[in-house]
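The sequence and structure are shown below.

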Amino acid sequence: MGSVRKASAWLGLVDDSDDERYYGGYEEDSDEGTEPGDSWVTNPKVRVADEVAQEQGTRIATVTPDGFRDARGIGELFREGVPVIVNLTGMEPSDAKRVVDFAAGLTFGLRGSIERVANRVFLLTPADYKVVSGEGGRGQGGFFNQS
């Protein structure tokens, strides 16, 4: 276990068990084999749009974290200016609350916004994005008026 990981475990930020499924096969502080243009994601459960969308700067990431340790991937994507949809439906309520608190602090610190899209699903948008509500036509009759 590296010194950074030991310090994080001592502070209670990560589990102090030697869970090697995310860290197997590389040193924490080594930069071997990485090139400046490589894009990487901390969590394999994070999905980002294809390369064309990345080149145009029009990408949205969806993250389905298992625990609070996956919050780092959310923060890294948001700092890059990528809107992030966070799906917390598969998490324990206590960990989900921690992730929401982290996301609220992240959006406040970077002047973004956080909105609840559905039950335990949140949208984090950077400062230069505007979320448009699709509820403009409700209540005016029309096709879906069943009364």
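In this predicted model, helix 3 (residues 71–79) packs with helix 4 (residues 93–109) at an angle of about 20°. The axes of the two helices lie 10 Å apart. Because angles under 35 degrees count as roughly parallel, helix 3 and helix 4 are roughly parallel to each other.

**Packing of helix 3 with helix 4**

- The crossing in which helix 3 passes helix 4 is right-handed.
- On the helix 3 side, the contact is formed by Ala-71, Ile-74, Gly-75 and Phe-78.
- These residues meet Val-99, Phe-102, Leu-106 and Thr-107 of helix 4.
- By class, the contact of helix 3 with helix 4 comprises six nonpolar and two polar residues, with no charged residues.

- The structure holds one cavity of 30 Å³ or more.
- The space in the largest cavity amounts to about 30 Å³.
- Val-86, Leu-88, Val-99, Val-100, Ala-103, Ile-114, Phe-122 and Leu-124 line the largest cavity.
- The lining of the largest cavity divides into eight nonpolar residues, no polar residues and no charged residues.

**Elements that supply the lining**

- Helix 4 and strand 4 (121–125) each supply at least two residues of the lining of the largest cavity.
- Helix 4 gives the most to this lining, with three residues.
- Val-99 of helix 4 takes part in the contact with helix 3, and Val-99 is also one of the residues that line the largest cavity.

Terms used: Residues numbered from 1 in each chain as written. Predicted model: local features only at pLDDT ≥ 70, side-chain atom pairs only at ≥ 80, totals over all residues. Heavy atoms only, no water. Axes fitted to C-alpha atoms, helices over the stretch in contact; angles between N-to-C directions. Helix = DSSP H or I, 4+ residues; strand = E, 2+ residues; numbered from the N terminus. Parallel < 35°, antiparallel > 145°, perpendicular 65-115°, else oblique. Left-handed = near helix turned anticlockwise from the far one by under 90°. Contact = heavy atoms within 4.5 Å. Nonpolar A, V, L, I, M, F, W, Y, C, P; charged D, E, K, R; others polar. 1 Å grid on protein atoms, 1.4 Å probe; cavity = no way out; pocket = protein on both sides within 12 Å on 5 of 7 lines; lining within 4 Å. Points joined across faces, edges and corners; volume = space filled by probe spheres on them.
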